[in-house]
Structures are given as C-alpha cells and as structure tokens.
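Here is a short briefing on the structure below.

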Amino acid sequence: MKLLIAIIRENQLDQVREALIDAGISRITTSHVSGHGRSKTEEIYRGQVVVPNLVPNIRLEIAVNDDFVETTCNAILNATTAHDGGLVGSGKIFITPLEQCIRLRTGERGPEAI
Amino acid sequence: MKILQRSLLAFLAITMFPATVYASDMPEIDSGATAWMLTSVALVLLMIPGLAMFYGGLVRTKNVLGTMMHSFAAMGIMTVLWVICGYAMAFGPNVLGGWFGWSWDYFMLAGIDETIMDAGIPEYVFSMFQAKFAIITPALIAGAFAERVSFKAYCFFIALWGTLIYNPLCHWVWASDGFLFNLGAKGAIDFAGGTVVHISAGVSGLVVAIFLGGRKSFPHLPMRPNNLVMTMIGAGLLWVGWFGFNAGSSISSGLSTAQALTATQIAAAAGALAWIIIEGTHQGKATALGFVSGVLAGLVAITPAAGVVKPVGAMALGILASGFCYMAILLKNRLGYDDTLDAFGIHGIGGIVGAILLTFFIRESWMAEAADAAGSWTLIQQLGVQALAVLIAISYAAFGTWVILIVLNKIVPIRSSAEAEMRGLDNSYHGERGYGMTNPN
C-alpha cells in the first residue's frame with residue numbers, strides 16, 4: 001500500500017479529479033493548502049506587480065494498493081500537463097509507503113480496506 | 001374656486017415673471033408621490049446587489065466574483081446607456097414605425113432638467129426609476145450562462161441587448177404610444193415588467209445558454225453552490241426591493257400603490273410555501289434554495305399582475321408560478337441544456353404564467369373600465385391580448401438575442417476559453433479571489 005500526496009495547481013483540481021475518476025480512482029481527499037515552490041509568480045493587481053509569497057495550491061491524498069500507483073500517477077500527470085504550458089509551479093507527487101489502513105465501518109484492515 | 005385661484009396665480013405669474021411661463025404650465029409636485037418614487041428608485045437599485053448575492057452564492061467558489069460582477073457591471077453599463085439613448089428609445093415618441101421611440105429632448109436627459117410629470121413627480125425620478133429596470137433585466141440573463149462567459153463579451157452583449165431588445169420592448173409595453181400599451185380595450189396588462197423584464201430576460205437567457213452550450217463537466221460532475229447563506233441574503237434583498245419594483249410601478253402614492261404592494265407580499269409568500277410543499281412531498285426535503293426559488297417564482301408571476309389582481313388572485317398566481325417553475329426545472333434536467341441558475345426556469349416560466357393566468361383574476365372594476373372603453377370586453381378577449389403580448393415578447397427576445405449572439409461572437413468570442421473556464425472567472429478576468437479558503441473548487 002502506498003500513500004500518494006499530490007500538490008497541484010488550484011485551477012487543475014477539476015481536470016485531475018475527472019482523470020482520476022476515469023482511471024477508476026474515486027477515493028481521494030483534497031484540501032486547500034498554500035506554500036512556496038521554486039516558482040515566483042508575478043501578478044499584476046490594480047497596476048502594481050505583486051509576488052504572492054504563499055501560493056495557494058491543492059493537496060490531494062490518495063491511498064492505493066501497489067498495483068494502482070502507476071495508474072494514479074499517470075492520470076495526474078496527463079491531466080496536469082495537458083494545459084500547463086511548461087511553466088514552473090505545476091506541483092509534485094510524493095509517494096510514501098503506507099503501513100496500515102482500517103475501514104471504520106467494518107474494521108477491515110490492510111489492502112482490502114482501501 | 002380652486003381652479004379660479006390657480007388660473008389667477010398663473011395669470012399673475014405670466015404677467016409678472018415672464019421667465020417662469022414655462023414652469024407654471026407644469027403640474028405641481030406631489031411631494032407624497034415623489035417621496036415614494038424616490039424610495040422606490042433606491043429599493044429597485046437594492047435588488048441588483050441582491051441579485052449579485054443571489055447568483056454569486058449559487059456558483060462555484062472560483063466564479064463567485066465574476067458572477068457578482070455581472071450584476072454590478074450592468075449597473076455601470078446600463079445606467080450610462082440609459083442616459084445616452086435608453087430613455088429616449090424607450091419613452092420618446094414612435095419612430096421607425098413604432099419599433100422604438102426617440103426624442104432629442106431625452107438624449108443625455110438634457111430636456112427634462114425641470115420637467116414635472118402629470119403624476120406630480122419630477123421626470124428625473126421617473127427616468128431613474130425606469131433606468132433600474134433596464135439594469136436588472138440584462139443582469140437577470142446572466143444567470144442562464146453563468147460560469148462560462150468572457151467578461152468582455154458579456155459587457156458588449158448586455159450593451160447591445162439592452163439597446164436593441166430591452167428598449168424597444170419597454171417602448172411597446174409602457175410608452176403611451178407603444179403598440180402593446182394600446183392593444184385591446186385597455187392595453188396588454190404588464191404592470192411592472194412581466195413581459196418586458198422577466199419573459200424577455202428568461203427567454204434570452206435560454207437562447208444564450210443553448211448557443212454557448214453547457215459548462216465543462218456539465219452535467220456529469222455535481223456543481224454545488226459555494227455559499228447558500230449569501231444566496232439567502234440576496235433573495236431577502238430581492239424581496240424587499242420588489243416592493244419598489246411593483247408598488248413603485250404605480251408611479252403614484254395611493255390606492256393602486258397599496259394594491260400592488262399587498263399583492264406582491266402575498267404572491268411571494270404563497271410561492272415560497274407552495275415550493276417547499278411540492279419539493280418536500282416530491283423529494284422528501286424542503287431546501288432553503290427551494291424556499292427562495294418559490295419566493296422568486298411568486299414575485300416574478302405577480303410582477304405583471306400586481307396592479308390588477310386582488311389578494312386571492314395574488315395567492316393563486318404565487319402557487320401556480322411555483323408549480324410551473326418547479327416542473328420547468330425538472331424538465332430542464334431531462335432536456336439537458338445548461339441554464340446554470342435557472343433564469344429561464346424561474347423568470348421565463350414565472351413571467352409567462354403570471355402574464356397569461358392573471359387574466360382569470362382581474363378585479364371587476366378594471367374589467368368594467370375596459371368594457372366602458374371598448375363597448376364590451378370579456379376575459380377571453382383579454383386572454384387573447386395577454387397571450388399575444390407574451391408571444392411577441394418571446395419571439396422578439398429570442399430572435400433578437402440570436403442575431404446579437406451570432407454577430408457579436410464573430411467580433412468577440414463570447415464563451416470563455418477552456419483554460420479560463422477551468423481557472424474560474426475570478427482569476428481569469430478579474431485577477432482576484434472571492435474568499436480565503438473555503439471549498440477546494
């Protein structure tokens with residue numbers, strides 16, 4: 001079992017979500033986060049150049065069985081690169097081992113519970 | 001005796017102060033009517049931020065500011081256009097065979113600086129009151145194609161629509177030489193804008209929604225309202241503002257004002273109750289959005305009728321409007337077109353229900369006056385007049401909107417680019433965010 005943590009652009013949540021659903025991955029958790037990446041996005045707001053110090057992003061958490069890691073990563077990759085134009089700040093996917101998973105309703109543990 | 005005094009005064013005025021000859025020809029100011037009309041102007045203006053909140057709360061987080069800006073932009077654009085040409089086109093004497101009106105006196109409102117109307121109110125007040133209607137009508141349309149329209153194209157669209165669709169319709173129905181105003185014995189009944197405002201906005205919205213196509217991911221992904229609390233507040237402001245809209249449309253402060261105000265309150269309440277009863281029975285839960293949809297359905301339906309129906313009629317119209325609008329929204333989901341915020345479902349259908357079914361609830365005194373004017377006049381004849389007015393409004397609005405869309409789309413693409421739609425209108429067109437951190441989409 002692996003836990004995928006993906007940090008993506010705010011505006012790409014919908015397309016990533018759709019791509020994941022199409023790939024059969026529908027169990028995800030999302031949250032609004034903000035942070036620093038390598039990118040320095042300059043925006044012009046009311047005539048002044050503004051460099052937002054904390055950039056808002058979306059964080060996705062997806063727990064999957066080992067067989068699905070590639071599918072999930074590919075779905076996210078395809079969805080995020082489709083409209084991106086190669087700018088820095090697209091985000092990252094972190095993959096970590098997942099020790100245990102328990103389904104609250106039934107008490108099942110391990111790969112079946114995911 | 002009074003007449004004698006007045007003519008004596010007028011005579012004195014003419015002989016002693018030649019400069020005031022013009023002014024003394026005018027009716028005196030009725031301060032009661034003027035005070036109420038000033039209040040009404042403010043109340044109707046309040047409906048537009050109300051509409052901004054109502055619509056703003058219903059879209060997704062990324063589009064909240066863009067959607068509110070649709071209403072606010074209308075306040076800017078339509079007011080300026082109204083002063084330049086709107087008032088002249090809507091209330092000037094017939095030109096071009098009655099297509100619209102025109103009077104150079106009304107251009108830049110230059111000729112009404114000191115005019116007092118027969119109703120005893122300064123013409124400025126009437127002009128500004130009517131300006132608010134010209135603002136809210138295009139703002140209503142925005143609900144049908146929210147979340148997928150480019151801001152620039154929207155601005156051009158409402159400017160063209162207001163000039164070419166709203167002004168002529170307003171002229172036909174409300175100007176004293178408009179052809180719908182003079183249809184039948186006592187005119188097509190449209191007290192405060194059932195055909196001019198709601199049917200035209202609803203139908204045009206439907207046309208734009210079909211022209212632009214649905215939003216990305218519609219309908220397979222649910223798109224839930226970002227803030228229903230704001231929608232509820234907006235609906236509250238609309239209800240309050242509607243007293244100016246309907247009761248102000250009597251252009252007086254008297255019996256007819258009271259009749260319109262009473263009908264308005266009753267229809268809104270009856271509509272709201274009917275909606276949650278229908279919804280609760282049909283789907284098991286009475287939603288807050290359902291309640292305010294019912295309020296709006298009732299208010300829309302009573303808009304053309306407020307001057308001519310008694311309380312029982314107002315109640316019936318409110319209930320009928322909710323029933324029909326509820327079915328229209330169910331039907332929309334079947335048909336699959338993306339009327340985002342149900343501008344057609346509520347304003348189009350509610351307006352049609354009100355304008356046609358009001359015939360069966362007209363108070364006797366109105367029918368008696370109509371019969372006096374025409375020799376004899378029956379409900380069926382009035383029903384024909386109402387149906388004809390509705391049909392004309394629908395066809396003119398639909399056809400005109402279609403032409404505007406086709407021409408405008410060649411110059412400025414109306415639909416947002418896929419990228420802009422995905423990023424959201426707020427970021428794409430305004431460079432701002434509505435909230436700090438709420439729903440993640």
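What percentage of the 114 residues of chain A count as buried? In this predicted model, the figure for chain A is 19%.

**Chain A: elements and order**
- Chain A holds two helices and six strands.
- Their order along the sequence is β-α-β-β-β-β-α-β.

**Chain A: extent and contacts**
- Along the principal axes, the C-alpha atoms of chain A fill a box of roughly 55 × 25 × 20 Å.
- Take the contacts in chain A with a separation of 6 or more: 73% of them join residues 24 or more positions apart.

**Chain B: geometry of a helix pair**
- Helix α11 of chain B spans residues 311-335, and helix α12 of chain B spans residues 343-357.
- Their axes come within 9 Å and cross at roughly 140 degrees.
- Angles over 145 degrees would count as roughly antiparallel, and 65 to 115 as roughly perpendicular, so α11(B) is oblique to α12(B).
- The crossing of α11(B) and α12(B) is right-handed.

**Chain B: residues at the crossing**
- α11(B) contributes Leu317(B), Leu320(B), Ala321(B), Phe324(B), Cys325(B), Ala328(B), Ile329(B) and Lys332(B).
- These meet Gly345(B), Ile346(B), Ile349(B), Gly350(B), Val353(B), Gly354(B) and Leu357(B) in α12(B).
- By class, the contact of α11(B) with α12(B) has eleven nonpolar, three polar and one charged residues.
- Lys332(B) in α11(B) is the charged one.

Note on methods:
Residues are numbered from 1 along each chain as its sequence is written. Chains are lettered from A and ligands numbered from 1 in the order in which they are written. This is a predicted model: local features need pLDDT of at least 70, side-chain atom pairs count only at pLDDT 80 or more; totals for chains, interfaces and linings use all residues. Helices (H or I, at least four residues) and strands (E, at least two) are DSSP runs, numbered from the N terminus. A residue is buried if 20 or more other C-beta atoms lie within 10 Å of its own, exposed if 12 or fewer, and partly exposed in between; C-beta atoms are placed from the backbone. Two residues are in contact if their C-beta atoms, placed from the backbone, lie within 7 Å. Axes are lines fitted to C-alpha atoms, for helices over the stretch in contact, and angles run from 0 to 180 degrees between N-to-C directions. Angles under 35 degrees count as roughly parallel, over 145 as roughly antiparallel, 65 to 115 as roughly perpendicular and the rest as oblique. A crossing is left-handed if the near helix is turned anticlockwise from the far one by less than a right angle, and right-handed if clockwise.
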